[in-house]
Each structure stands twice: as structure tokens, then as C-alpha cells.
Amino acid sequence: GILPDLPGPKVRSSPFPKRGVVLHSGHDLVLAPGSSTPTSSAARIGVAVDEIVADLAEGDLVSLGDGGVTLAVLGRRGEDVIARVRSGGRIMGRVGVTVPASRIQFETPTLEDLDRIAALAAEDVEAIAVSFVRGAEDLEAVRDAIGNSNTMLVAKIETPEAIENLDAIVRSADAVMVARGDLGVRLPLEDVPSFQKQIIRTGVRFGRPVITATQMLESMTTAPVPTRAEVTDVANAVLDGTSAVMLSGETAIGVNPVLVVSTMARIVTRAERDFDYLNWGASLGVQEVAGDQPLRRITAAVTGAAWRAALEEDAAAIVACTQSGATARAISRFRPSMPIIAVTPNERVARQLSMSWGVETLLSVGSANTDESIWRAMQQALQAGLVSPGNIVVVLAGSTYEQDPVADTMRIVRVR
């Protein structure tokens with residue numbers, strides 16, 4: 001699946017040299033308008049939005065990147081701003097520049113985002129990540145801009161407003177991302193772990209895939225092994241219930257992207273062995289995910305019954321026959337201990353399910369009715385070697401008559 005990321009009202013620096021620069025605590029430097037400073041150095045940093053530099057005032061704090069480097073504004077010199085490095089470090093590429101909220105008044109999505117949305121929708125990407133979401137209305141504005149499309153929207157939770165409006169945002173989104181970089185810059189650092197758990201739990205509760213991102217193996221940008229704290233962080237995200245973990249700088253500008261991915265895969269695989277599958281599923285209800293929508297309530301109730309049946313019968317797998325991916329995502333939230341096999345006739349849906357926890361996909365041909373869908377799904381799972389003769393399998397299927405997605409059929413099948 002392809003997931004482009006809208007920048008939103010993200011302010012970035014002009015690019016630094018390829019190997020980056022080191023800013024030392026106590027040193028003074030210049031923040032300059034990006035229009036007059038196309039490249040940045042340790043002495044002079046261009047800021048892409050000229051108005052931001054113009055509005056900075058003495059005493060303002062400015063963060064670079066994910067907040068590891070901070071500057072304090074000392075005063076002005078013409079169009080430039082003089083700042084002192086409070087906490088230093090190495091910075092590379094076009095880093096984010098975070099200024100006090102009163103100095104930036106942008107809407108989400110921005111006009112530039114809307115231009116990008118039109119291009120992305122034309123390419124039929126599987127999902128689009130929306131940055132700096134503050135409320136459900138921001139997502140609806142993006143959805144309106146996409147038009148008649150089943151492109152998934154991933155809400156990036158990285159603002160105080162998003163935390164306040166979390167339930168409404170998750171209901172409106174198709175997936176969510178714990179964007180810890182900007183979240184940690186805009187909120188106290190010590191609150192981020194608690195918010196991470198809250199966001200993951202809320203996303204899974206509503207049947208939405210959740211991606212945990214930013215600085216997961218940050219030291220591997222330059223080092224061959226991660227720190228022990230980073231290993232623990234990735235494992236804890238899995239134990240929190242996240243659907244996916246995401247790398248950024250480690251693979252975008254890191255020295256060995258393949259090694260980083262394989263390292264993360266080993267950590268995730270090991271952490272999954274300690275996940276509390278039984279108690280996780282038992283703690284999920286129907287009402288909270290479905291609200292007052294009858295079809296969602298049916299799906300939530302049937303997938304809950306399928307999870308319990310799979311446990312009681314020690315099923316080898318749960319097979320979800322799905323047109324839209326909704327059935328597979330609905331059972332995925334229970335985190336069953338056996339594989340989830342999504343069988344769909346839609347190749348794009350199969351790619352969209354790549355961010356859903358525990359889901360393997362098989363492409364099928366369309367079926368005229370539920371019985372035929374189930375029969376074809378079982379045949380394909382058997383041919384693919386995902387189930388074996390004699391296995392007990394729980395099968396979920398959606399209605400072929402309802403216009404909106406609904407999983408209303410659950411069967412326990414013995415593979416022959």
C-alpha cells in the first residue's frame with residue numbers, strides 16, 4: 001500500500017548540507033527568510049515561510065526537527081532573527097521548524113495540500129495521511145477535496161486540539177497515526193507515552209488501524225544497532241496494541257535502511273509472542289465502536305462472536321470475505337491469536353489492508369452470493385497453504401444485498 005503524507009501547515013528549514021551540521025549549545029545563529037536563504041548552515045538557517053521569521057519576537061522558543069534542538073530568540077537584525085542554541089545536536093535535511101502557536105495561523109488542509117490531494121487522488125493511492133488534524137471537520141475537508149473515492153484517510157494526531165477531540169476524529173478517520181515528533185513538541189514530553197496509549201486504544205476500539213511513528217530507532221540513522229531504550233520503545237508500542245510501526249529518518253536518510261527494517265521486524269516479532277491476546281479481545285465492546293449505526297452494530301456483534309468462537313474451537317484461522325476491507329478491519333481489532341485471512345476481489349483493498357494488524361490477503365473473483373463467497377474463500381485459503389484439511393476455520397462474510405459494508409454472517413467450517 002502507498003501512503004503519501006500531506007505536509008499541512010508544516011514549516012521547514014531550507015536544506016542543510018548532505019551530512020548535516022552540529023549546533024552547539026550557547027552558540028548564536030541567524031534565522032532568515034527562506035526566500036533569501038535557499039540553503040542552511042550552522043551559522044544561518046533559512047525558514048521556508050518568510051512570515052514566520054517576520055513574526056518572531058524576543059523570548060520566543062523555536063524547535064528544530066522533533067524538538068531535540070531548541071533555540072531562544074534574542075532579537076532582530078533587519079529581516080533576520082538572532083537566536084541562541086539552548087540545546088544542541090546534529091540536524092540534517094529539511095527539518096521542521098516549530099514556533100509558538102501564536103506565530104502561526106494556518107488552516108488544515110492548506111491550499112498547497114488541496115493541490116496535492118488532486119494529484120494523489122488521480123493516482124488512486126491507497127491512503128493519504130492528513131497532518132495537524134484538529135477536529136473531524138479537517139478530515140471532512142480533505143474527503144470533500146478527494147471526491148468520489150475510497151482512498152483511506154489517516155489522521156495524524158500531533159496537536160493538543162486533536163487530543164481533546166480524539167473520539168470525533170477517530171470516528172471520522174479511516175486510520176490514525178501517533179505522530180510523536182510534533183506531538184512531543186506541542187505538548188509536554190512526559191505526556192507523550194500516556195497519549196500514545198490513549199490514541200492506540202481509541203483507534204483499535206473504533207476498529208481503525210493505528211500507526212505508531214517517529215524516532216522509533218532514531219540512533220540507527222547513523223549507527224548499526226539501536227539503543228536498548230529504542231528496542232524497548234518499539235516492543236512497548238506492540239504491547240500497547242498498535243497495528244503498525246513506522247520508520248522515518250532512519251530509512252529516509254539513514255546509512256543502512258535495510259538493516260533498520262530487519263531490526264525492527266525482529267523486535268516486533270518477538271514482542272508479539274508476549275501480547276495478551278485473550279484479555280485484549282475480551283475488553284472490547286460493541287456499543288463504543290458502533291455508536292447508533294445499525295450496520296456497524298451488526299458487524300461489531302458478529303465479529304465479536306467470531307472472535308469468541310475462534311478461541312473456543314481453537315480455530316486455525318479466521319477467514320474474512322470482504323469487498324471493502326471493513327470486515328477484516330473489524331475482526332482485526334480483537335487481535336485474535338490465529339491468522340486473519342482477508343479474501344477480496346479488489347486489489348486496491350488488499351493493498352489498503354497492509355496497515356491492518358495480523359491480516360494476510362488473498363485476491364479472489366467476485367461472487368454472486370454469500371454461500372459462493374465462503375466456498376471460494378475456503379478453496380483459496382486451502383490452495384495457498386494457509387489452512388489444511390481437518391482444520392477448524394471461522395469464516396466471516398458480508399451481505400451481498402446491503403449497499404453499505406456489513407458483516408452479517410459467521411460460520412464455523414471444517415476444512416475437507
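**Entry 1**

I began with Arg-84, which counts as partly exposed because its relative accessibility is 37%; by the cut-offs I used, buried means under 20% relative accessible area, exposed means over 50%, and partly exposed lies in between, with a 1.4 Å probe and protein chains only. I noted that this is a predicted model, in which local features need pLDDT of at least 70 and side-chain atom pairs count only at pLDDT 80 or more, while totals for chains, interfaces and linings use all residues. Residues are numbered from 1 along each chain as its sequence is written, and side-chain values use heavy atoms, with hydrogens and water left out.

I then looked up the partner of Arg-84 and found that its side chain meets that of Asp-28 in a salt bridge, at 2.7 Å from N to O. Arg-84 belongs to strand β6 (residues 80-87) and Asp-28 to strand β2 (residues 28-33), so the pair ties together parts that are 56 residues apart in sequence. For the elements, I took helices (H or I, at least four residues) and strands (E, at least two) as DSSP runs, numbered from the N terminus. Asp-28 is partly exposed as well, its relative accessible area being 41%.

**Entry 2: other salt bridges**

I searched the whole structure for salt bridges and found 16, counting a side-chain nitrogen of Lys or Arg within 4 Å of a carboxyl oxygen of Asp or Glu.

One of the pairs I examined is Arg-143 with Asp-174, where the closest N and O atoms are 3.2 Å apart. This pair links distant parts of the chain, since Arg-143 sits in helix α3 (residues 136-146) and Asp-174 in the loop between α5 (166-172) and β11 (175-179), 31 residues apart. Arg-143 is partly exposed at a relative accessible area of 25%, and Asp-174 is partly exposed at 22%.

I also looked at Asp-274 and Arg-270, whose side chains meet in a salt bridge at 3.0 Å, N to O; Arg-270 is partly exposed, with a relative accessible area of 39%.

**Entry 3: Asp-66**

I turned to Asp-66, which I located in the loop between β4 (61-64) and β5 (69-77), and which counts as partly exposed because its relative accessibility is 31%. Leaving out residues up to four places away in sequence, I found that Asp-66 touches Gly-181, Val-185, Thr-214 and Gln-215, where contact means heavy atoms within 4.5 Å. I also checked Asp-66 against Val-95: the two are 29 residues apart in sequence, and their C-alpha atoms are 8.3 Å apart in space.
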